[in-house]
Amino acid sequence: MNEMSKNENLDIQIYNFAYLDENTKRMIRRALLKALCIPGYQVPFSSREMPMPYGWGTGGIQVTSACLIPKDILKVIDQGADDTTNAVSIRKFFQKTANVAVTEKTSDASLIQTRHRIPETKLKEKQILVYQVPIPEPLRFLEPRETETRKMHALSEYGLMYVKLYEDIAKHGHIETAYAYPVKTNGNYVTDPSPIPKFDNPKMNNSPAIQLFGAGREQRIYAIPPYTNVKSLDFEDYPFEAMKANFKCSICGSSDSYLDEIIVSDDGKRSYICSDTDYCKEQTKLNSKKED
Amino acid sequence: MFRHRLLQRTNQIKFKKRRLIMKQNFLFQASNISKYYGQNIGCKNVSLDINPGEVLGIVGESGSGKSTLLNCIYGNLEVDEGDIFLNDKSKTILNFTKISEPKLRLIQRSDLAFVHQNPRDGLRMNISAGGNIGERLMAIGHRNYGEIREIAANWLEKVEIDVSRIDDKPSTFSGGMQQRLQIARNLVTRPRLIFMDEPTGGLDVSVQAKILDLLRNLVRELGIAAVIVTHDLAVVRLLADRIIVMQNGNVIEAGLCDQVLDDPQHKYSQLLVSSVLQV
């Protein structure tokens, strides 16, 4: 009885800081260091069972948990938005288990966990971007044998990756792959940038922030250190193109941010809004200032 | 019996002599290769050499070690004894049993090629014909879509597949077309030596004839050396310059194709030649 009331008082004390125990965090940090040393290389790590299903960001959360320090300011986004289920629950999770400050402002955050987007606001040095990755292996659907894909990475046999792009052009007249568009990191390993839209690919190149990728179910961690060359694969005569819907955001009017298409009425009327909610808010603020 | 042994011996001596002469500009050489599957013999003490542009036939019954030998000399199977040498494009002699795996794989997809009996083993069935031909090009660094496509179309023409089918998947092709596509896919990077494991097996006779005709023309035209494993003597008669006959993992006779087929010395070769059906 006494014990229980103690726990209620010290709500957060029942968890170790940021949920995972220190040994686990240490193991993940070692994997992270190795990953940073070999940009784009998939480092195996012993992924832990997390209090949520696979596919909800168990890999990202473990990486965040290993990186988090008490004075961090955390931002969590899901498809660019701060207010969607995945983002809200992960943010709450770390508020509860690590008691860290949280923010929605990209420029204020020291650590950003993301699902499927890179924020529109340019990242800075000393910021960490943690990606949630469903399938870390870019060659997975081209070559099902893991033993073989590892060999292909080791020997940089990436002809097959180009076969996929070739098929795209042969079928559709252009490279149809719109998300999880394969990149070559530091001129060496072909890397899956997690399912971000290919619009975001150029933001990975030479980014001042540290980019960490965690795949929980697949038990892989990989990383892109700051200021690393990241090149999207393409053909000489079909160069890579960062694509987005050719509309303006109907809230802030921005035409250079990545847009979500939403159906607003039963008869199929469509509207486009920024997928990055923080960026959209900033733009709206700027606009109203201009009007004043 | 004595006469037979004597003949066999002289034949071996002849073979050895010829090898000494050819050694200067050989393309490929295997010396004393053995491969065991536990207690069983895959192939034993096999030596062969291939000159640039030459076609070598390997014949023998099922289970005689033909395919094992082929996989050994291609580098797919590790040999237990012996050495395999390739005189590569830059005239350096490489030993397959000693070089690193990356190097071997690079050679396998540039200097060498392998045509499987079943085109399903050698093709990517869910990728278009053009992509299948282009894969080897992209693997050695081609990065121009237009060029790759043009080369692929040229090769389809060469192997007599309608160019309009360039974007169709091989699964929509007939068996003969699939085999021709596999040949095109392998020849596109201009290898210098191509290994074929029963390239016409499982095809009906008229399609077989067409593929053999095609192979003969391509091999002669491009000056590619080839090793053809088959149990069909007609195939070697048509394509091969020299043949070796195998039984139970051993080479029992080797020589010029016409010489061996017209005047077989070993008992088993005689049996093999005499058991060909005459129409």
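**Ground rules.** I count residues from 1 along each chain as its sequence is written, with chains lettered from A and ligands numbered from 1 in the order in which they are written. Since the model is predicted, local features need pLDDT of at least 70 and side-chain atom pairs count only at pLDDT 80 or more, while totals for chains, interfaces and linings use all residues.

**Entry 1: chain A as a whole.** I looked up the secondary structure and found 8 helices and 12 strands in chain A. Helices (H or I, at least four residues) and strands (E, at least two) are DSSP runs, numbered from the N terminus. Along the principal axes, the C-alpha atoms of chain A fill a box of roughly 70 × 60 × 40 Å. I then checked the radius of gyration (taken over C-alpha atoms; the globule rule is 2.2 Å times the number of residues to the power 0.38). Buried means 20 or more other C-beta atoms within 10 Å of a residue's own, exposed means 12 or fewer, and partly exposed is in between, with C-beta atoms placed from the backbone.

**Entry 2: two domains.** Domain bounds come from an automatic or database domain assignment. For chain A, the assignment gives domain 1 (3-232) and domain 2 (244-292). Their centres, taken over C-alpha atoms, are 26 Å apart. I found 14 residues of domain 1 and 8 residues of domain 2 in the contact between them. Two residues are in contact if their C-beta atoms, placed from the backbone, lie within 7 Å.

**Entry 3: helix α3 of chain A.** How many residues of helix α3 (residues 58-67) of chain A are buried? I counted 10 of the 10, so α3 is largely enclosed by the rest of the structure. Among them are Thr58(A), Ile61(A) and Cys67(A).

**Entry 4: α2 meets α3.** I followed one of those neighbours. α2(A) and α3(A) pack at about 100°, with axes 9 Å apart. The axes are lines fitted to C-alpha atoms, for helices over the stretch in contact, and angles run from 0 to 180 degrees between N-to-C directions. That makes the two helices roughly perpendicular (65 to 115 degrees; under 35 is roughly parallel, over 145 roughly antiparallel and the rest oblique). On the α2(A) side I listed Lys25(A), Ile28(A), Arg29(A) and Leu32(A), and on the α3(A) side Gln62(A), Val63(A), Ser65(A) and Ala66(A).

**Entry 5: chain B and its partner.** Chain B has 11 helices and 10 strands. Its radius of gyration is 19 Å, close to the 19 Å from the globule rule for 279 residues, so chain B is as compact as a globular protein of that length. I saw that 44% of the residues of chain B count as buried. Where the chains touch, 16 residues of chain B are in contact with 14 residues of chain A. α3 (101-110), α5 (129-139) and α6 (145-158) of chain B each supply at least two residues of that side of chain B. Which of them gives the most? I found α5(B), with 6 residues.
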